[in-house]
There are 2 protein chains.
Amino acid sequence: MTPGIGPRAAVALLERFGSAESVFHASRAELESIRLRPETIESIMARDLLERAAAEIEQTRALGADILLLDDGIYPALLREIFDPPITLYVQGAWEACLDEPTVAMVGSRRSSTYGQNTALMLARELASRGITIISGLARGIDAAAHRGALEARGRTIAVMGTGLDQVYPRDHRKLAEEILEQGGALVSEFPLGTPPAPQNFPYRNRVISGLSLGVLIIEAAENSGSLITARMAMEQNREVWAVPGNITSRNSFGTNYLIKGAGAKLIQQWQDIVGELPPDIAARLLPPAVKKGEKNLAAQLSLVPEGLTGTEQAIFKLLSTDTPLHIDQLAEASKMTVSELSGALLGLEMRELVRQLPGKCFVRRL
Amino acid sequence: MTPGIGPRAAVALLERFGSAESVFHASRAELESIRLRPETIESIMARDLLERAAAEIEQTRALGADILLLDDGIYPALLREIFDPPITLYVQGAWEACLDEPTVAMVGSRRSSTYGQNTALMLARELASRGITIISGLARGIDAAAHRGALEARGRTIAVMGTGLDQVYPRDHRKLAEEILEQGGALVSEFPLGTPPAPQNFPYRNRVISGLSLGVLIIEAAENSGSLITARMAMEQNREVWAVPGNITSRNSFGTNYLIKGAGAKLIQQWQDIVGELPPDIAARLLPPAVKKGEKNLAAQLSLVPEGLTGTEQAIFKLLSTDTPLHIDQLAEASKMTVSELSGALLGLEMRELVRQLPGKCFVRRL
């Protein structure tokens, strides 16, 4: 609340004085020595905010919420890693349980298309049903669809707010916020209670969305969209950045296509693409092996040719094994096919995730 | 025409005997020594095809077409580079003028969506109007849209056929083929006159489409699409492979999105993305500098702030120069903005192609 103190100045003060309490016991000379603004020094010396802070804590608790401090042991570890983590974080609901699971942020335009909203809903549902916590910003459009997808899957979701916890914005999302809490999700904000929606606060909110997440999926974004800023911040936070492509004729997909084309975002077609980019232990747990049935008889399973393959694909699949890579020339010789025919069949098998290409044009079956 | 002789065997024969004529003067023992099939040897010894070949040449000339041989000086240079170039290539129309210009192939599903067809039409028009020759396969759907886009721009286009030159397929594309010829384009086929449409010929046709081109743009492709085979072959021919993204909910974009996600195809949003990937001399000639007006007064131009920028973008743009890269921290200090605000503004400027990011988070204006 202290005027002139943002996240970076707060961290500097904490580093200099050891604790928030010590800051308020510092002498004027000490405070002046670190180049604070006069009104900041006056406010700290006057201690007139301490009473308001005590009231704020009380009100927050009355709301059933809590305030986490940056130097708390329980402060979210991923968020602490970023350049400018909030020093106080208001949390309401089962935030610890939410953050115990892998976290994926989903963001996008407020003025989104039906395509964008359906995609957000579908991907959030698929990810949340597999225990991934969906993080978004409670805004209209993509954000709301992402939260709703998680709720539909009976999964967990965190809404990071750009207002005080008691000021749900937009107001007609109050029911959505309630449902998130009821279903084991959480609301999070760095802003004091009563903070109204102010445009300048939303970029700060966005860095918390990406900061709490292993990666950020941009569903739709127009040319000058806040979601693109979130994407850029996520990159600066060393988080994964994913984007859903869309028709190049759609304004709403201009930004996501651009992120894939020019900014290194990974193209996402389905939930597996995201899970495959999470840390290996999580990916291995969530991505089922391609063939699931008949696990007791691996040999029988390996001799099984999946259904729905073309004749050529079947022939190539039978030639391949799970452990000895074959070069495309060996395949051409064994199958009596041309490289062109082979290429098509191999691509088909790769797309069904039955076959993996190794460096040097070698191929093996996936297990 | 000789039974059992495909492109590779033909090349081997030419290498062994020096010329096609010498092959027909070879002894049975010589032919047997290189492991040809008995019926192939019989056919060569009997020389019974020579008469048919003479008639074929005559008919081809009567059609106003010509036959190029792999060892002709005028055989298309790009096509000669591929693994298995056709030894004879039937050409009709202004093929030399077409191949004197940069060539870009555009292919996609026959059963394409309106989105795909519009995109093909638009990109072909944009590229052809800048002197790029559009190469495609005269098929329904994307191919036809690509040819038509080039024609609309009064540009050049080559149709590579999977049938004999006299067997336009599908038959209702005969008018399209005529228009292509009338407007300084060309028809090309490796198949003898009279060859009917046969499914097994189209993959061969596809390798000629990519073989004649600097790169291949896949507009739309479903999961098991011939266009994906063309993409893979283009990669094996070391040609650029580009793909237009589309909604992940569209069957027709599954393959193109997959190519971008998993096969290294570059995402294309607009014609400039393709031109930018052509050899540098061509790209430099076709891509106009970002600011075109007032070239006489470069200084005035440089001090000009483009229209339509946000206040933040304007401020950042003014801080940047065309020759001295500034680090993002320097920009933050000079602009008194947070890195988050800066990131958004810089991304906006990058997307308008006003600013370029250099390695190490440094930024300059584009010229």
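## A salt bridge between the chains

The side chains of A:Asp273 and B:Lys261 form a salt bridge, with N and O 2.9 Å apart. The model is predicted. Side chains of opposite charge can pair when their charged atoms come close.

## The interface of chain A and chain B

Polar contact across this interface involves 13 residue pairs, both residues at pLDDT 80 or more. On the side of chain A that touches chain B, the elements that give two or more residues are helix H8 (114–128), helix H12 (226–236), helix H13 (251–262) and helix H19 (339–351) of chain A. Of these, H19(A) supplies the largest share, 8 residues. Sorted by class, that side has 19 nonpolar, 15 polar and 9 charged residues.

In terms of contact, 43 residues of chain A meet 43 residues of chain B. The two chains bury about 4,100 Å² between them, and carbon and sulfur atoms give 59% of this area. In chain A, the residues that lose the most area to chain B are A:Ile248, A:Gln269 and A:Met351, which together make up 19% of what that side buries.

A:Glu190 and A:Arg207 form a salt bridge whose closest N and O atoms are 2.7 Å apart. This pair links distant parts of the chain: A:Glu190 is in the loop between strand S6 (186–189) and helix H11 (202–211) of chain A, while A:Arg207 is in helix H11 of chain A, 17 residues apart.

Are these two residues buried or exposed? A:Glu190 counts as buried because its relative accessibility is 14%, and buried means under 20%. A:Arg207 has a relative accessibility of 1%, so A:Arg207 counts as buried too.

## Partly exposed pairs in chain B

In chain B, B:Glu39 forms a salt bridge with B:Arg37, and the closest N and O atoms are 2.9 Å apart. B:Glu39 counts as partly exposed because its relative accessibility is 38%. B:Arg37, at 47% relative accessibility, likewise counts as partly exposed.

A salt bridge also joins the side chains of B:Arg130 and B:Glu126, at 2.9 Å from N to O. Relative accessibility is 29% for B:Arg130, which therefore counts as partly exposed. B:Glu126 counts as partly exposed at 26%.

## A network

Back in chain A, salt bridges with shared partners join A:Asp84, A:Glu190 and A:Arg207 into one network.

Conventions
Residues numbered from 1 in each chain as written. Chains lettered and ligands numbered in written order. Predicted model: local features only at pLDDT ≥ 70, side-chain atom pairs only at ≥ 80, totals over all residues. Heavy atoms only, no water. Salt bridge = Lys/Arg side-chain N within 4 Å of Asp/Glu carboxyl O. Helix = DSSP H or I, 4+ residues; strand = E, 2+ residues; numbered from the N terminus. Buried < 20%, exposed > 50% of the residue type's maximum accessible area, 1.4 Å probe, protein only. Contact = heavy atoms within 4.5 Å. Buried area = accessible area lost by both parts, 1.4 Å probe. Polar contact = N/O pair within 3.5 Å; in protein donor to acceptor, adjacent residues only side chain to side chain. Nonpolar A, V, L, I, M, F, W, Y, C, P; charged D, E, K, R; others polar.
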